[in-house]
Amino acid sequence: MSKTALHAITCIALVALIALCFAWEIWLAPQRPGGSWLVLKVLPLLLVAPGILRGKVRTYQAMTLLIIAYFVEGAVRAWSDAGLSARLAQMEIALAIAIFASAIAYVRAGKKIK
């Protein structure tokens, strides 16, 4: 797969994950009625978003470490929550896997073979 396609997949999945996490904690299935402070989990994603959108390899490398936390949160909530929250957690898991896989492939494609 080309570097451009991997970049596009990562960017789309990242924007989707940001939107999902924000909507989840504000409107769709917040921990408390009216929204919860868990919406702050979007901040780390927003911090790395400019580097990802610009295609910076160092940011991609950092993203592979950061995204593990979102995968784990999704797995825990998919297991412990019920209903809509569990389905949203499954979506978070899928997006985290897509970001992780495409970021790893992007970094590997950017390395020069010696």
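His7, Thr10, Cys11, Leu14, Leu17 and Ile18 of helix 1 meet Leu45, Leu46, Ala49, Ile52, Leu53 and Arg54 of helix 2. Contact here means heavy atoms within 4.5 Å. Helices are DSSP runs (H or I, at least four residues), numbered from the N terminus. By class, this contact holds 9 nonpolar, 2 polar and 1 charged residues. Ala, Val, Leu, Ile, Met, Phe, Trp, Tyr, Cys and Pro count as nonpolar; Asp, Glu, Lys and Arg count as charged; the others, Gly among them, count as polar.

The model is predicted: local features need pLDDT of at least 70, side-chain atom pairs count only at pLDDT 80 or more, and totals for chains, interfaces and linings use all residues. Residues are numbered from 1 along each chain as its sequence is written, and side-chain values use heavy atoms, with hydrogens and water left out.

Two packed helices are described by the angle between their axes and the distance between the axes. The axes of helix 1 (residues 3–28) and helix 2 (residues 43–54) come within 10 Å and cross at roughly 160 degrees. Axes are lines fitted to C-alpha atoms, for helices over the stretch in contact, and angles run from 0 to 180 degrees between N-to-C directions. The two helices, helix 1 and helix 2, are therefore roughly antiparallel. Angles under 35 degrees count as roughly parallel, over 145 as roughly antiparallel, 65 to 115 as roughly perpendicular and the rest as oblique. The crossing of helix 1 and helix 2 is left-handed: in such a crossing the near helix is turned anticlockwise from the far one by less than a right angle.

Helix 1 also packs with helix 3. The axes of helix 1 and helix 3 (residues 57–80) come within 13 Å and cross at roughly 40 degrees. That makes helix 1 oblique to helix 3. This crossing of helix 1 and helix 3 is left-handed. Helix 1 contributes His7, Thr10, Leu14, Leu17, Cys21, Trp24 and Glu25 to the contact, and helix 3 contributes Tyr60, Met63, Ile67, Tyr70 and Arg77. These residues divide into 8 nonpolar, 2 polar and 2 charged.

In helix 2, Leu45, Val48, Ala49, Gly51 and Ile52 are buried. Buried means under 20% relative accessible area (1.4 Å probe, protein chains only). The buried residues of helix 2 pack against helix 1 and helix 3. Gly55 follows helix 2, and the phi of Gly55 is positive, near 80 degrees.

Glu73 lies in helix 3. Glu73 is buried, with a relative accessible area of 18%. Leaving aside neighbours within four places in sequence, Glu73 is in contact with Lys41 and Glu92.

Key. Buried means under 20% relative accessible area, exposed over 50%, partly exposed in between (1.4 Å probe, protein chains only).
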